[in-house]
Amino acid sequence: MQYAIACVNTHEYERAEMYFKTAYSFASKKSYGFSTFQIDNHFARFLLERQIYHRNPIDAFRNFSKAHNLLISAHRDIEQNDRYYQFKVAKCYKDFFEIFYQQFNEEEKKIFVSKCKEINSNLAIYEKETYNPHEGLRNDVLECKSNLKYILSKI
């Protein structure tokens, strides 16, 4: 997975995809109950960032939906301390919105908005459960919150 992350960081998406396949393959060989939430979060990031980088609208909605579903399912499987990972990736939704939203059909637009609202709802719950006035929220969470607010205000 670390190789895949490095490849995403350097925009080597074909290579990253190969490494993600390998990571999932190794994970599937682990005993029952092995959580792939870290792989899922980084693979979701890969799907979003690759689409944003290439700006190809053909698979944009499908990749967005797949990434979102990975984030939501991973969010259910992890402990409270690690729930911010979802928001670290979902902050990409703003770029996705800016590049692809107008090209979605009406049904896709509705689904996109509902998925943004779902993340926003999860963020509100996370904020309520973890907010510490002395520490505040993580920068990734604050950025995600701001980006979702921007998206929802534009719709």
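Student: Where in the chain is His 11 placed?

Tutor: His 11 is in the loop between H1 and H2. Helices (H or I, at least four residues) and strands (E, at least two) are DSSP runs, numbered from the N terminus. This is a predicted model, in which local features need pLDDT of at least 70 and side-chain atom pairs count only at pLDDT 80 or more, while totals for chains, interfaces and linings use all residues. Residues are numbered from 1 along each chain as its sequence is written, and side-chain values use heavy atoms, with hydrogens and water left out.

Student: What is the phi of His 11, and how exposed is the residue?

Tutor: Phi of His 11 is near 65°, a positive value in a residue other than glycine. For exposure, buried means under 20% relative accessible area, exposed over 50%, and partly exposed in between (1.4 Å probe, protein chains only). His 11 has 39% relative accessibility, so it counts as partly exposed.

Student: Which loop holds Arg 55, and what is its phi?

Tutor: Arg 55 is in the loop between H3 and H4. Its phi is positive, about 55°, although Arg 55 is not a glycine. With a relative accessible area of 53%, Arg 55 is exposed.

Student: How is the predictor's confidence expressed?

Tutor: As pLDDT, a value for each residue from 0 to 100. The average for the protein chain is 91, and 92% of the residues score at least 70.

Student: What is a nonpolar core?

Tutor: A set of buried Ala, Val, Leu, Ile, Met, Phe, Trp, Tyr and Cys residues, joined through side-chain atoms within 4.5 Å. The largest one here has 47 residues, and those with the most contacts inside it are Tyr 93, Phe 96 and Phe 112. The elements that give two or more residues to this core include helix H1 (2-9), helix H3 (37-54) and helix H7 (106-130). H3 gives the most, with 8 residues.

Student: Which residues does Tyr 93 touch?

Tutor: A contact means heavy atoms within 4.5 Å. Not counting residues up to four places away in sequence, Tyr 93 touches Leu 48, Phe 64, His 68, Leu 71, Phe 112, Cys 116, Ile 119, Leu 148 and Ile 151.

Student: How is a pair of aromatic rings described?

Tutor: By the distance of the centres and the angle of the planes. Rings of Phe, Tyr and Trp (its six-membered ring) pair if their centres lie within 6.5 Å; planes under 30 degrees apart count as stacked, over 60 as edge-to-face and the rest as tilted. By this rule there are 21 aromatic pairs. One of them joins Tyr 13 and Phe 46, a tilted pair at 6.1 Å centre to centre with 45° between the planes. This pair links distant parts of the chain, with Tyr 13 in helix H2 and Phe 46 in helix H3, 33 residues apart. Both residues are buried.

Student: What kind of pair do Phe 64 and Phe 96 form?

Tutor: Phe 64 and Phe 96 form a tilted pair, 5.5 Å centre to centre and 35° between the planes. Phe 64 is in helix H4 and Phe 96 in helix H6, 32 residues apart, so this pair too links distant parts of the chain. Phe 64 and Phe 96 are buried. Ring pairs also link a cluster of residues, among them Phe 64, Tyr 93, Phe 96 and Phe 112.

Student: What span does H8 reach, and what span is expected?

Tutor: The expected span of a helix is 1.5 Å times one less than its number of residues. H8 has 16 residues and reaches 23 Å from its first C-alpha to its last, close to the expected 22 Å.

Student: Which residues of H8 are buried, and which are exposed?

Tutor: Asp 140, Val 141, Cys 144, Asn 147, Leu 148 and Ile 151 are buried in H8. They cover an arc of only 130° around the axis, which puts them on the same side of H8. The arc is that of the directions from the helix axis to the C-beta atoms. The buried residues of H8 pack against H5, H6 and H7. On the face of H8 turned away from its buried side are the exposed residues Asn 139, Lys 149 and Ser 153.

Student: Is Lys 109 buried or exposed?

Tutor: Lys 109, in helix H7, has 13% relative accessibility and counts as buried. Leaving aside neighbours within four places in sequence, Lys 109 is in contact with Tyr 101, Gln 102 and Phe 104.
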